[in-house]
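Here is a structure to read through questions and answers, each setting a value against the definition behind it.

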Amino acid sequence: MLKSLKRLMLGGIASMSKAQLRQQKQLTRILLGPKRRKSRKSPASATTTRPARPSKKPATASSAATSLPGKWSTSWFHTTSLDQPLSYQRLGYKLYLPRQHKDAPLLVMLHGCGQNANDFALGTRMNLLAGQKGFAVLYPQQALHRHSQRCWPWYDKSVQEGGGEVPLIMGAIQKVLAQHGLDPARVYVAGISAGAGMAHILALHYPHQIAAVGLHSGPVYGAGNGKLTALMVMQSGSVHGTSSAMAPAQLRLGTALRMPAILIQGHADKVVRPINQHQLVQQFMTLNQLQSSDARPTVLKRSGRGRKAQSYQIDDYVVRRKLLLRVCRVSELGHAWSGGDGTIKFHADHGPDASKLMWDFFARHRRAQPTAPAPRTRKKKPAG
């Protein structure tokens, strides 16, 4: 009996490792783009890679909004609405609005490689939570002409410096805020994998507009500079330290502003390894001027029951009763959104509910809007 149980456990571990390896190879192919090979007809011709494996459950715009109160729509942001001389570009996005959305918060969700907005909405079940809590959700979608597998280029130097898709995403945020009367003081941005990398960049370049950021299985900021170095970062983190990359962002935040962050990572992630979360913790401690003494005692928890139960730990960093950094480590989670819909690619139905964890963190924060200075009035001189 014991031998049979041991063989069963070892077989399960082996199959899980093989699944992780397949996922790692798949994301490597996705990031590097189509693999070129010679054609029989012409040596100069090239073929494209096999398409990504379809999800077990079809993701459609209509199914994303099924049985949900509110509105699910598709739209675009055009750069012609920006007050700067940019070449014409546009960014597509999906938007979920709850029934009562006047002055509601806005959560921006950035998908990972091999995903689209529908996949992310379905897999995270964020629209369901938004309908319950009363916040809007914006899902920018990377264009296929920019990347064949819809990867956000977090590893590109120009994007890290605030170019590329960064102003497009911010433009879509500003459009949605104005168009639907949402609360500009409660704008949050979150993402997974490449989407997490992009969310981090967006928050660092627009700290006065973004109230908090959530990174799930995200790469460390500022280490990659190209697709090949991106793969190295995903596997080994930054080899040049982490603090120097935050210097420009620190100047943008100044001495008073902080960027609250929640970081979620699976210990079994073989695609973006846990070293990245460790280095992200150091970056956000630097950015928010946190000390080790600001850390609260680690909280150990367990989610689910039976074979799908997983342990996880939460480390909080608090300054003057304000939670500035929350770090969540899930013991057996691979490269997938924790506690989501496991039938959707890159989502796991086990583990703590990452959507709820993120929203509970975001709901604590708001970004104070700058007020216009009161007009000066001249004092009247006394008569005589």
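Axes are lines fitted to C-alpha atoms, for helices over the stretch in contact, and angles between N-to-C directions run from 0 to 180 degrees. The model is predicted, so local features need pLDDT of at least 70 and side-chain atom pairs pLDDT 80 or more, while totals for chains, interfaces and linings use all residues. Residues are numbered from 1 along each chain as its sequence is written, and side-chain values use heavy atoms, without hydrogens or water.

Q: Why are α4 and α11 called oblique to each other?
A: Helix α4 (residues 126-133) and helix α11 (residues 354-362) pack at about 40 degrees, with axes 10 Å apart. Angles under 35 degrees count as roughly parallel, over 145 as roughly antiparallel, 65 to 115 as roughly perpendicular and the rest as oblique, and α4 and α11 are therefore oblique.

Q: Which residues make the contact of α4 with α11?
A: With contact meaning heavy atoms within 4.5 Å, M126, L129 and K133 of α4 meet S355, K356 and W359 of α11. By class, the contact has 3 nonpolar, 1 polar and 2 charged residues.

Q: What makes β8 and β9 a pair?
A: Two strands pair if DSSP finds at least two bridges between them, and β8 and β9 (residues 310-319) have 5, in the antiparallel sense.

Key: Helix = DSSP H or I, 4+ residues; strand = E, 2+ residues; numbered from the N terminus. Nonpolar A, V, L, I, M, F, W, Y, C, P; charged D, E, K, R; others polar.
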